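My notes follow the order in which I looked things up.

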Number of protein chains: 2
Amino acid sequence: MALKAHTTPDFDDLAEAGRMDVVCRSISNAFWLSDSFRKDVLFHVALSGPKDPPKIISFYGPELPVEMKPDEKSIGEYIKKALKIGMRLKLNEEADVVPGIKISKKAFETLIKEKAESRKLIYLHQRGDDIRKSGVTEDCTFVLGDFIGLPKNTESLLERFDAEKISVGPKELFASHCITLVHDELDRRA
Amino acid sequence: MALKAHTTPDFDDLAEAGRMDVVCRSISNAFWLSDSFRKDVLFHVALSGPKDPPKIISFYGPELPVEMKPDEKSIGEYIKKALKIGMRLKLNEEADVVPGIKISKKAFETLIKEKAESRKLIYLHQRGDDIRKSGVTEDCTFVLGDFIGLPKNTESLLERFDAEKISVGPKELFASHCITLVHDELDRRA
C-alpha cells in the first residue's frame with residue numbers, strides 16, 4: 001500500500017512521485033535474486049496518490065517480461081506504462097499492460113477482501129509477533145503499509161479478516177527491506 | 001566489491017554501468033531506515049570495471065549530506081561526482097567528494113589489509129556458517145562480493161586474515177539483500 005504514490009504517469013523522478021522509488025525497490029526485492037528469479041511470487045501494489053486514485057498494479061511472477069530488470073528505472077518504466085493505460089479505466093475495471101502486468105482501478109480494501117477469501121493474511125507491522133517464531137508459510141498473503149502506515153479503517157478491515165500482525169525486526173524499515181526479510185525466513189523454512 | 005562497476009563517470013543508465021544499480025541499492029540499504037538513518041555505518045565500495053580501476057568510494061554515516069536520498073538515482077549522482085574527481089588521482093591517493101564521501105585510487109586488497117589491522121573480518125558467502133548462530137557484532141567489518149563472487153587471490157587474502165565465512169540465507173542473494181539481513185540480525189542483538 002503506497003498512500004502517496006502517484007496514480008498518473010506524469011513524473012520523471014521516482015523519489016518525487018510519492019516515493020515511487022520505494023515501490024520499485026519493493027518489486028525488485030520481491031522477485032529478483034542474484035542468479036535467478038522468484039517465479040512463485042504475485043505482487044500487487046495499491047497506489048493512492050494524485051491524480052487518479054485508486055490504482056492497483058499487479059505483477060505475476062511466472063509471466064513477467066524478461067526485458068524487465070531489477071533496477072528502479074526499469075521497473076519505474078513499467079509502472080508508468082501501467083498508469084498510462086490505467087487512466088482510461090472505470091471503477092473496478094482491469095486492463096493488461098504487458099504479459100505478467102495488469103492494472104485495475106480498484107480500492108486496496110477490495111483487494112484485501114478478495115485475498116481473504118482464499119489466503120491467510122499477514123499484516124507486517126513493527127508491533128507484531130516476531131516472524132522467526134511465527135507460523136507464516138509461502139501460502140500466506142503479506143500486507144505491507146508504507147512510511148505513513150495504513151489508514152485506521154484499513155487496519156480494522158484486516159482485523160476483521162483475522163490478519164495476523166507479524167514483525168520482521170526491531171527497527172522501522174522500508175517495505176522493500178521487509179520483503180527481503182520475509183523471503184529469507186520463508187527460504188529457510190523451505 | 002563490484003568487479004564490473006565502471007570507474008569513470010561516463011554512464012547514464014546505472015544498470016548498464018557494470019550493475020551500478022546494485023551498488024546504489026546496497027548503499028541505500030546500508031544507511032537508510034524508513035524513519036531514520038544509520039549513522040554508525042561506514043561503507044566502502046570497491047569498483048573494478050572500466051575505464052580507470054581501481055577505485056574505492058567511501059561513505060561515512062555521521063557526515064553524509066542530507067540532500068542525499070535513498071533512491072538509486074540520487075546515490076548514483078554522488079557516485080558519478082566521486083568518479084569525476086577520482087579521474088585525477090594517482091595510485092593510493094584520496095580526495096574529498098563532498099562532506100562524508102571520499103574517493104581513492106586504491107586496490108580492494110589494500111583496503112582489506114587496512115581493515116584487518118583493527119577489525120574482525122566477516123566474509124559473507126553462501127557456503128558460510130549461518131549468521132543467526134554466529135558471533136557477529138556491529139564492530140565487525142563485513143566483506144561482500146558481487147554476482148561474480150570474489151577473485152581467488154582476494155579470497156586467499158581474506159583467509160590469511162582469518163575472515164569468518166558467514167551466510168545470511170539459503171539463496172544466492174544480491175549484496176543489497178545481504179546488507180538488509182545483516183542489519184536485521186545486528187538490530188535484534190542490540
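I began with helix α5 (residues 175-189) of chain B: at 1.5 Å a residue its 15 residues should span 21 Å, and the end C-alpha atoms are 21 Å apart, so the two agree. I note that the model is predicted. I then looked up burial: 13 of the 15 residues of α5(B) are buried, so the rest of the structure largely encloses this helix.

Next I turned to the interface. I found 34 residues of chain A in contact with 34 residues of chain B. The area buried between chain A and chain B is about 3,100 Å², and carbon and sulfur atoms give 52% of that. Of the area that chain A buries against chain B, 21% comes from A:S34, A:R132 and A:R188, more than from any other three residues.

On the side of chain A that touches chain B, α1 (20-31), α2 (72-86) and α5 (175-189) each supply at least two residues. The largest share, 7 residues, comes from α5(A). By class I read 11 nonpolar, 6 polar and 17 charged residues on that side.

**Salt bridges**

Over all chains the count is 36 salt bridges. One of them pairs B:K73 with A:D13, with the closest N and O atoms 3.4 Å apart. B:K73 lies in helix α2 of chain B and A:D13 in the segment before α1 of chain A, so this pair joins two chains. I found B:K73 partly exposed at 44% relative accessible area, and A:D13 partly exposed at 26%. A:K73 likewise forms a salt bridge with B:D13, at 3.4 Å between the closest N and O atoms.

A:R189 is partly exposed at 34%, whereas A:E185 is buried at 4%. Beyond its neighbours within four places in sequence, A:E185 is in contact with A:I131, A:R132 and B:R132.

In chain B, the side chains of B:R25 and B:E72 meet in a salt bridge at 2.9 Å, N to O. B:R25 is in helix α1 and B:E72 in helix α2 of chain B, 47 residues apart, linking distant parts of the chain. Both B:R25 and B:E72 are buried. Last, I traced one network of salt bridges with shared partners, which joins A:D130, A:R132, B:D184, B:E185, B:R188 and B:R189.

Technical notes
Residues numbered from 1 in each chain as written. Chains lettered and ligands numbered in written order. Predicted model: local features only at pLDDT ≥ 70, side-chain atom pairs only at ≥ 80, totals over all residues. Heavy atoms only, no water. Contact = heavy atoms within 4.5 Å. Buried area = accessible area lost by both parts, 1.4 Å probe. Salt bridge = Lys/Arg side-chain N within 4 Å of Asp/Glu carboxyl O. Helix = DSSP H or I, 4+ residues; strand = E, 2+ residues; numbered from the N terminus. Nonpolar A, V, L, I, M, F, W, Y, C, P; charged D, E, K, R; others polar. Expected span 1.5 Å × (residues − 1). Buried < 20%, exposed > 50% of the residue type's maximum accessible area, 1.4 Å probe, protein only.
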